[in-house]
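Please study the sequence and the structure shown here, and then read the briefing that follows. The points are grouped by topic.

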Amino acid sequence: MPQEKRGQIELTFNWIYIVIAGAVILLFFFGLVVKQKQVSEERLSSEVVQIMDSILTGAGASEKTKNFIDASGLADYTLYFSCDAGISEFGIKDRPARTQDNVDPLFAPKEIHSSRIVTWSLPYNLPFKVIDFLFVIPLNVKYYLVGNDAGFINEFLNSTEGIEREFLIGLQEIQPEENQQVRIIDTDGSSILGTGVPAQLQYLDDKEVSAIVFTGKNNVDFYQKEGPAWRKMNPAAIRIISLAGERDAARYAAIFSADDQTYWCNMQKAFKRLEYLTEVYGGEEIAAAEPGGKLGSLISHYRNLPNSECRSYLEDYDANALDSLADINNKVRACQQVAESCLGLVDAAQKMKDVNDNLRIYCVPLY
């Protein structure tokens, strides 16, 4: 082969080698940059979740308080919230960072992408304080109240100052704003049931429009927009397990929950806590009528006092503290196994409240 042609071939191979080597080096550094970016994003998302966890923990520990949080630094992220088998979880969507909790009930939408967030805590009493419920509310959700329950409508409007909400005479008055999610609160079932989605909302994405309907004796149903119609999310009405009254935490929790599944999942945490509290007040064997705790101490004290009205309210009368507390303990254990059993909790808690009110008059109350 001529020397000139051999030199051209060697030169060509040299250039090919240089190109390949250069490509390998570039790919190496590109992969390094991508990996470093991924590590940085994961570290940042982990820090964000830790900060949010601290904020939510602090908010949940502050009873009856609202905190307005500037979340503009999270503009590029979407927070998600879920609950399954009594364990709630929140984190950043499409990121590995997350945190779980099986103790504190946390009620929120499935996803939050908002520059401002409100956290609000309310105590849940059944009949004594069980735990504080924490609501996480994005300020790009507008709550529309309809129906004829004037008492609750006025209470909600007065207690949710700073949150986007409005009372409407009818659904035809809805005027949704841009970049805003909508939740309709039908206070008595007179506006949603048997109707379709209002025309003004039909152009919005299905996941942006939902409704919650209160019916009957403190029952609640969850609905999601599905084209021009409403899709009921829960097969059977969900009973709100509470003694009602002003700022009923269980009722507000339904309003701020994503759906029936996350609502009931977080309520189960409260029921587990209630079971523990009955054992704190009455001892681990309270269900076997062998009281301990504060109730056991009160009974032991008043058994030594003849003709004591307190002893009667503690263990002798048909409605007494021992039987009432044991009934709550039995009912809350059953409630955690079968949802229908939870209905009995309301009556049991009311009896305990009545007995405790009498104890408060005549001697030392249980709580």
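Strands β2 and β3 form a hairpin with two residues between them, and A85 in the turn has a positive phi of about 55°. Helices (H or I, at least four residues) and strands (E, at least two) are DSSP runs, numbered from the N terminus. This is a predicted model, in which local features need pLDDT of at least 70 and side-chain atom pairs count only at pLDDT 80 or more, while totals for chains, interfaces and linings use all residues. Residues are numbered from 1 along each chain as its sequence is written, and side-chain values use heavy atoms, with hydrogens and water left out.

- β2 (residues 79-84) pairs with β3 in the antiparallel sense over six bridges; two strands pair if DSSP finds at least two bridges between them.
- Within this pairing, Y80 stands opposite G91 in β3.
- A hairpin is also formed by β3 and β4, with five residues between them, and D94 in its turn has a positive phi of about 65°.
- The pairing of β3 with β4 (residues 98-101) is antiparallel over four bridges, and S88 stands opposite D101 in β4.
- Because five of the six residues of β3 (residues 87-92) are buried, this strand is largely enclosed by the rest of the structure; buried means under 20% relative accessible area, exposed over 50% and partly exposed in between (1.4 Å probe, protein chains only).

**The open sheet**

- Four strands in the order β1-β7-β8-β5 make an open sheet with mixed pairing.
- Its edge strands are β1 (66-70) and β5 (106-107), each of which pairs on one side only.
- β1 pairs with β7 (residues 116-125) in the antiparallel sense over five bridges, and I69 stands opposite I117 in β7.

- The buried residues of α5 (residues 293-303) are L295, G296, L298, I299 and Y302.
- They lie on the same side of α5, because they cover an arc of only 165° around the axis; the arc is that of the directions from the helix axis to the C-beta atoms.
- These buried residues pack against α4, α6 and α7 (321-335).

**Residue E315**

- E315 lies in helix α6 (residues 309-316) and is buried, with a relative accessible area of 18%.
- Not counting residues up to four places away in sequence, E315 touches I299, R303, N320 and L322; contact means heavy atoms within 4.5 Å.
- The side chains of E315 and R303 make a polar contact (2.8 Å). A polar contact is a pair of N or O atoms within 3.5 Å; within protein, one must be able to donate a hydrogen and the other to accept it, and residues adjacent in sequence count only if both atoms are side-chain atoms.
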